[in-house]
Structure formats: C-alpha cells, structure tokens
Amino acid sequence: MANTLIDSLKERISKAITVNQSVGIVLPGNNYSDLIQAFFEYVQSKPEDAWVYVTITKPYENIVKQFGNISEVRNIKFIDCISRAAGISTVDPNCIFIESPTMLEKLGLEIINIFKEVDEKVNKYLLLDSLSTLIIYNDPEIVTEFFYHLANKSRARNIHTISLAIEEEEVDRYLNKLIYLNDKILKVRDSFI
Amino acid sequence: MDLTEQVENELCQTGIEELDVMLGGGVPTGSTVLVVGSSGSGKTTLCMQYLINGARRGERGVFFTITEPLFKLTKNMEGFDFYDKQLIESGMVNLIDLRIISERLGLDTEKYTVEDAAALLDVLKDIADELNVKRLVIDSITALCYRLQTKEMIRDFIFKLGSSLAAMKCTTFLTSEVPPRVFQYSQYGIEEFIADGIIFLGDVERKGDLIRTFQVIKLRGQAHSRTKLAMSISSRNGVELAPLLKSRE
C-alpha cells in the first residue's frame, strides 16, 4: 500500500515538473518523509537529469542516514544550510555546507555555481526543502525577496524548481504569498497518503 | 586596433565576473583604487585574486605586504583554488615583504622622514618598472601611512606613487583598514581623495549573522553601478558577488 502511494506521488511530481518551470508542493508535516522518499526514488530513476537539493529542514548527515545510498547517487548535489549553524562539522564532497540559513545570497550563488558546471543540454532541477523552514530562520519579507530572485535566475537558466512548504498555521499567510509564485501548486493531503 | 582591443587596453579586467560587469568592463588602466574594509572583510583575498587573474591574462603583478609576513600570506592563500603557486614561482605574481625592503634601505621601522619616504617611493617605482608589472597591490596603505608623519607626506606619497604607476599603465589596488561598522574610507582621511576609485567592503547584520557587502563608491573615468552587493568568499571560487537582499536591512 505504502509503495503504491509513493509511486503515485512520484508520478504527480514527475508530471508537474516536466510541464511547469516551477512547482510548489504544500504538504502536512506527517507526509514529509514519504514525499522525500518519493522524490529520491524519482531522482534515481532519471540519471540523465541534474538535481540540486537544498536542505534547510534536516542536516545532510541525517538525510544520508535515513535514505542510505543517496550520497552515492551521482546526479544529485546537496546544499546544507543548517548543519554548520547547528555545530555539525561533517564534510562531504557531494554537499556544500553554508554557514547559516540566513546567508541567502550565498545560497543563491552556490545553487547557480553547481548548475554552471552542468552541460547546457541536461535537464536541471532544484528542490528547495523548505520555504517553511527558511521562514523560521529569516524574516518572511527577505525570504520572499530571495524567492523572487531565485525564481527569476532559475527561469533565465532554464532550471526547474520544486519548493516545499510544510503546512503550519502560523506561517500560512507568508507561505501562501510565496508558494503562489510557482507555476503549479500540488497540495498533498493526509487523505492522499 | 578594433574596439575590443581598445577596450582591453583601456580597462583592466579584475577577472571577478560580477565586478567587471558592475564596472562596465573593468577598472580604467593606470587607476589607483582604494580597497576599504575592516579586519577580515576580504581586502587581501580580493587583491590577490585580482593579481592572479591578471597573471592568467599575461599581466605581471606585484603584491607588497606590510601587515603580515609572506609565509602567513601564502599559507592563507593556498587554501583558495584560484591561488596558483606556479604563477608565483614563474614570477608572474611577485610577493614582496615591504618591511624587509625598508630594513634593507636602512629606513626607520616606525617613522619615515621625507627622505625615507622618497627613497621608498623610488624603490617601489623601480621594482614596478624592472618587473614590468601591470598590476600592483600594497597591503595595506594604512600601515604605510602610519609611518608617514604628516598628512602632507601621505598625500604626496600616494599622489606620486599613483602618478608614476599610471605612467607605466600599471593599475594599483591599495588596501585601507577602517574600524568595523564605520562608514569611512581611510584612517587618515586623505587616501580617498587621491585615489581614483574606492571599493568599500562592509557587512550587514542579519539575525546576528554578518553578511559581507561590496560597493563601488567611486571610479574616476568610468560609469559604474553604486549598488550594494552581497559578497561571498569561498575556497573554491574566492570572491563572488550577488545582489544583496535588502528587505528589513
């Protein structure tokens, strides 16, 4: 049952991101792990594409522990915005560690730097995990400004973006404003999984 | 000479992509640019990257250090991917400890007389001429000015140095140390008036973290952006610039 539902999620992501330049996924917190699993399975099924995964939610080390071989998958690079701020000093050639999630300009630079090294013909995708956690560490206005810049840069470089938003009542007002900057919104409901 | 060649001759490209865009191609050749910032703001890294990028384009450079010994400077720079030891060994980038030069000239280590300053100036010009350098850095002009006893001496020294190097078509970066969080361009209040350009390296605080900033304040003879940018320094790419997010700054 769980596998079937994860497969359905993969299909939804796949369809949405193929057709649209940017996709926002709104999901309840308890569906987070299923979505990430579906996402990693999808990435592995498309080795010809290039992905950048920006984590502001979990340290890279935890993602590797939870999803095992993801550190060996060659078509995905990670940017970890929280480990250093949390005092975790892991080093990994597959991951760029940013000092703090407040350093949004640095994050933007690193995303573009990774994609600069990817062949122009290769499909490029970015996953931002998540807008809700970025808002925890930054003022919502600055996250909005960052997201506008990122969306424009990504469009200019033909990078497809997926941004996650975990539903929490306190930040709904800002998240709504942000998430609707995407071309397509997927709302994952408890009932779906 | 076609237009591209003419632009290349008249402008000195820093090799830092976003900066060259901001400057409309580069710094006018022969200019003296003050690179201002507090301790740890990235002045030395920016200047070294400017020299190394120049050497890669075939332009010889010289870096005069006064603030730190050469072994410390090279050790710090070896952490950057842009730093190429080969360029140092081949003489395309020359690193010189100005304190050693002063000692060899028999100059007072603390305070220079007018004659001392003139002797030092001559040596700097001779080195630049002999090595045929097109890019020169003094790190820092503040430490040098400290040894010059009057404002007139400082003015005279920088003016003569700048004029001589401009005649050699050598573009000069002088680092200027200022206290943190203070919007001033120099310790002595003179350097900025003689320099052709000012680059200000500062920072803004965001949630307790310091975000590096970069701003071109002036550059004579060249239209340029005055936008404040965010600056990043990484071992992989050295100095990089990006639009600064300004909400709630």
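Where in chain A is the place of A:Asn158? The place of A:Asn158 is the loop between helix 6 (140-156) and strand 6 (159-166) of chain A, helices (H or I, at least four residues) and strands (E, at least two) being DSSP runs numbered from the N terminus. The model is a predicted one, in which local features need pLDDT of at least 70 and side-chain atom pairs count only at pLDDT 80 or more, while totals for chains, interfaces and linings use all residues. Residues are numbered from 1 along each chain as its sequence is written, and chains are lettered from A and ligands numbered from 1 in the order in which they are written.

Chain A contains 7 helices and 7 strands. Along the sequence these elements follow the pattern α-β-α-β-α-β-β-α-β-α-α-β-α-β. The C-alpha atoms of chain A fill a box of roughly 40 × 35 × 35 Å along the principal axes. Buried residues account for 44% of the 193 residues in chain A. A residue is buried if 20 or more other C-beta atoms lie within 10 Å of its own, exposed if 12 or fewer, and partly exposed in between, with C-beta atoms placed from the backbone. Of the contacts in chain A between residues at least 6 apart in sequence, 77% join residues at least 24 apart, a contact being a pair of residues whose C-beta atoms, placed from the backbone, lie within 7 Å.

In chain B, 9 strands form an open sheet of mixed pairing in the order 5-4-6-7-3-8-9-10-11; two strands pair if DSSP finds at least two bridges between them. Strand 5 (93-97) and strand 11 of chain B are the edge strands, each pairing on one side only. Neighbouring strands of this sheet are turned by 25° against each other on average, direction ignored, as computed from axes fitted as lines to C-alpha atoms. Strand 4 (residues 61-65) of chain B pairs with strand 5 of chain B in the parallel sense over 5 bridges, and B:Val62 stands opposite B:Asn94 in strand 5.

Between the chains, 14 residues of chain B are in contact with 17 residues of chain A. Strand 9, strand 10 and strand 11 of chain B each supply at least two residues of the side of chain B that touches chain A, and the largest share, 3 residues, comes from strand 11. The residues on this side of chain B divide into 6 nonpolar, 3 polar and 5 charged. Here Ala, Val, Leu, Ile, Met, Phe, Trp, Tyr, Cys and Pro count as nonpolar, Asp, Glu, Lys and Arg as charged, and the others, Gly among them, as polar.

The loop between helix 4 (70-77) and helix 5 (85-89) of chain B holds B:Phe80. B:Phe80 counts as partly exposed because it has 19 C-beta neighbours inside 10 Å. Apart from neighbours within four places in sequence, B:Phe80 is in contact with B:Ser235 and B:Gly238.

Several backbone features remain. Most residues other than glycine have a negative phi, and most peptide bonds are trans. A:Asn158 has a positive phi of about 55° although it is not a glycine, and with 11 other C-beta atoms within 10 Å A:Asn158 is exposed. Phi of B:Lys207 is likewise positive, near 50°; B:Lys207 is found in the loop between strand 8 (197-206) and strand 9 of chain B and is partly exposed, with 13 C-beta neighbours inside 10 Å. A cis peptide bond with omega of about 5° joins A:Asp129 and A:Ser130, and A:Ser130 lies in the loop between strand 5 (124-129) and helix 5 (131-137) of chain A. In chain B, a cis peptide bond with omega of about 10° joins B:Asp139 and B:Ser140, where B:Ser140 lies in the loop between strand 6 (135-139) and helix 8 (141-147).

Key: Two residues are in contact if their C-beta atoms, placed from the backbone, lie within 7 Å. Axes are lines fitted to C-alpha atoms, for helices over the stretch in contact, and angles run from 0 to 180 degrees between N-to-C directions.
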